[in-house]
Amino acid sequence: MAEIVKMPKQGLQMTEGTILKWFVEEGQEIKEGEPLFEVETDKLTLVVDSHFSGTVLKLLAQIGDAVPIMEPIAVIGAADEDFAALLPEKRKKQEETVSQAEVPVTDTSSSLPVFGESKGERIVQGKFVTPRARKIAAEMNISLEAAAQSTSGNKVSSREIIAFNEAERSNRARLKASPVAQRMAEEKGIELASVRKTGDRIMKADVTSALASAGVPGRGTHLIPFTGMRKIIASRMLESQHEMAQTHNRIRTDVSELIALREKLAENGLKVSFNDIFIRLLSRVLREFPKVNSCWTEEGILLHDYVNMGIAVGLDDGLVVPVLPNADALTLAEISEQSGKLVRAAREGMSNPDDFSGGTFTLSNLGMFETDEFVAIVNPPQAAILALGSIIRQPVADEKEEIVVRPMITLTLSYDHRIIDGAVAAKFLQRLKQLIRNPLLVY
């Protein structure tokens, strides 16, 4: 019997996944446990294996599609098996209508078709061309291979033109350019089809930019399509700003004793990072200030009697926050070992979905990039996040009011003011500062 493959839920906060690659084609045999597709979530990219053996009867999602969790994406069963009854109603309608091209006979351009009820945007990936597209192209004498090459990776709206035959290319381009831009392009020998427009149509400034780039090999503009991770990061950050009463407090402190402790530990064979030490100190203070280690719910403020420390990790294409569970119950050596594994796995794309769930507080450190100080955005549904700047040697007045040079660091606590009052935030930072100046109090 045919089986429906659905977009799996990978992690508690996942709402959709973007198909990056299919490892099979329709009509191909697959066995249980073999790679089926590659998906990108808001946290990671991973390969999903098939749970069924049989023939791939239908791929219901295309490369680049963002599919909600538990939505059908493929059908696997016996060869030539009738699976229409298993499809949701909108998929049935799509199957019935997709073969009827909505391209006017008199139009010699090729547009991105509308599939089912989806009338948004799609990303043209690689050189993949469907059999239906090839048939239409053959009837209209269009080179889709050239179109795929020129539009690969671009986000294209339904019905937007993505390819032309040569006879229509210049006419179509003229329709999307101002008269001045057309004249300038003709005079300079620039093909309007090769000029990237910055507005609704090509303007003089666009042609000027194209001319400047043409004189220097390798110069030009390059579009980076929004990936599933980037879109969800943007959505979460806006959600955080709009749904919370966010504010922040800042404090500066001497870290001489912290540096001395780290050096002493290294002499005794325990090499730890400043991040490890801060996790240890933070975990202690968070147990003393439970509201800073809480979250907002519809029923009330949810307090946690444990600390699951989120560790912000910057990647080339986004930000992920793996979680160190029960950080308050770990020794410094255990924190160093376990957090190191989490961070390495995140950077190498080897994390498990569970690595990103259950955080109660987040630490974000940009000190290694020589950032003096910054304000981090709270990671929902948590109540607060601490931002660490770099350690800077600065002149300060000591207890005798004499000017001395000390290693200083700025700590910025961003928090949800619905949960945490300003005075509580100030006391939290004050207590953390006390432990930073006297770290042996924790041992």
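Visitor: At what angle do helix H9 and helix H10 pack?
Guide: The angle between H9 (residues 274–288) and H10 (residues 332–347) is about 120 degrees, and their axes lie 9 Å apart. Axes are lines fitted to C-alpha atoms, for helices over the stretch in contact, with angles from 0 to 180 degrees between N-to-C directions. Helices (H or I, at least four residues) and strands (E, at least two) are DSSP runs numbered from the N terminus.

Visitor: Before we go on, what kind of model is this?
Guide: This is a predicted model, in which local features need pLDDT of at least 70 and side-chain atom pairs count only at pLDDT 80 or more, while totals for chains, interfaces and linings use all residues. Residues are numbered from 1 along each chain as its sequence is written, and side-chain values use heavy atoms, leaving out hydrogens and water.

Visitor: Back to the helices: which residues make the contact of H9 and H10?
Guide: H9 contributes Asp276, Ile277, Ile279 and Arg280, and H10 contributes Leu332, Ile335, Ser336 and Ser339; contact means heavy atoms within 4.5 Å.

Visitor: How many bridges join S4 to S5?
Guide: Five bridges join S4 (residues 35–40) to S5. In that pairing, Phe37 stands opposite Val48, and Glu38 stands opposite Val47.

Visitor: What about S2 and S4: how many bridges join them?
Guide: Four bridges join S2 (residues 16–22) to S4, and the two strands run antiparallel. Thr18 has Glu40 in S4 as its bridge partner.

Visitor: New topic. How many salt bridges does a search of the whole structure find?
Guide: The search finds eight. A salt bridge here is a side-chain nitrogen of Lys or Arg within 4 Å of a carboxyl oxygen of Asp or Glu.

Visitor: Which residue forms a salt bridge with Asp254?
Guide: Arg406 does, with the closest N and O atoms 3.3 Å apart. This pair links distant parts of the chain, since Arg406 is in strand S23 (residues 403–416) and Asp254 is in strand S13 (residues 246–254), 152 residues apart.

Key
Pairing = 2+ DSSP bridges.
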